[in-house]
Amino acid sequence: MSHYEGDLRVQPDARFAIIASRWNPRITDALVASARDTFIANGADAAQLVIVRVPGAWELPVLAHTLAHSGRYAGIVALGCVVRGDTRHYEQVADGASNGLMQVALQTGVPVQNGVLAVETFEDALARAGGSHGNKGEECALVAIEMADLRRKLQEQA
């Protein structure tokens, strides 16, 4: 019986994209910094990373689609922050971004990590951007590294 798992080791030829919303910059900047630092701590060179900024979470799937179809990236981390307001717009943006990112991953086979925080309050976002609940940027980078390595291992077996 075969057993496969990805390792938390960035391969020398692997490139990763971090796509981040400019909306709620205090949060998204902390998510990006943590994701970047996590990639580097796990063996990535800065030249293996690209950071792309988009206006808001709604635009993340479009750029994820473009980058995934380029064939240049072993994984993509999408980061954003949507805080509940007085209208349904919050739900539409958060759900649309999530669904769009999942579609990109399924259509292309490139791991796309959803690091879009959908929170009730700004304080909730702070807790997930380096506060009491860790940092979603770090979590997404770790998953991207592991999934890229697992995908590589499975492709080598084909």
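Q: Why is N24 called buried?
A: N24 has a relative accessible area of 18%. Buried means under 20% relative accessible area, exposed over 50%, and partly exposed in between (1.4 Å probe, protein chains only), so N24 at 18% counts as buried. The model is predicted: local features need pLDDT of at least 70, side-chain atom pairs count only at pLDDT 80 or more, and totals for chains, interfaces and linings use all residues. Residues are numbered from 1 along each chain as its sequence is written, and side-chain values use heavy atoms, with hydrogens and water left out.

Q: Where is N24 found, and what is its phi?
A: N24 belongs to the loop between β1 and α1. Its phi is positive, about 55°, although N24 is not a glycine. Helices (H or I, at least four residues) and strands (E, at least two) are DSSP runs, numbered from the N terminus.

Q: What makes S21 buried?
A: The relative accessible area of S21 is 1%, so S21 is buried. S21 lies in strand β1, residues 16-21. Its contacts (heavy atoms within 4.5 Å) include R53, V54, P55, L79 and G80, leaving out residues up to four places away in sequence.

Q: Which sense does the pairing of β1 with β3 have, and that of β3 with β4?
A: β1 pairs with β3 in the parallel sense over five bridges, with L79 as the bridge partner of A20. β3 and β4 (residues 112-119) also pair in the parallel sense, over eight bridges. There, G80 has V116 as its bridge partner. From β3 the chain passes through helix α3 (residues 89-108) to β4, a right-handed β-α-β crossover. β1, α1 and β2 form a right-handed β-α-β unit too. Right-handed means that, with the strands pointing away from the viewer, the path from the first strand over the helix to the second runs clockwise.

Q: What makes β3 mostly covered?
A: Of the nine residues of β3 (residues 75-83), eight are buried.

Q: What makes a set of residues a nonpolar core?
A: A nonpolar core is a set of buried Ala, Val, Leu, Ile, Met, Phe, Trp, Tyr and Cys residues joined through side-chain atoms within 4.5 Å. The largest has 25 residues, of which F16, I27, F39, L79 and L117 touch the most other members. β1, α1 (25-41), β3, β4 and α5 (136-157) each supply at least two residues of this core. Apart from it lies another core of 22 residues, among them I19, V52, L60 and I76.

Q: How do you know that the radius of gyration agrees with a compact globule?
A: The rule is 2.2 Å times the number of residues to the power 0.38, with the radius taken over C-alpha atoms. For 158 residues a compact globule would have a radius near 15 Å, and the protein chain has 15 Å, so the two agree. Of these 158 residues, 46% count as buried.

Technical notes: Two strands pair if DSSP finds at least two bridges between them.
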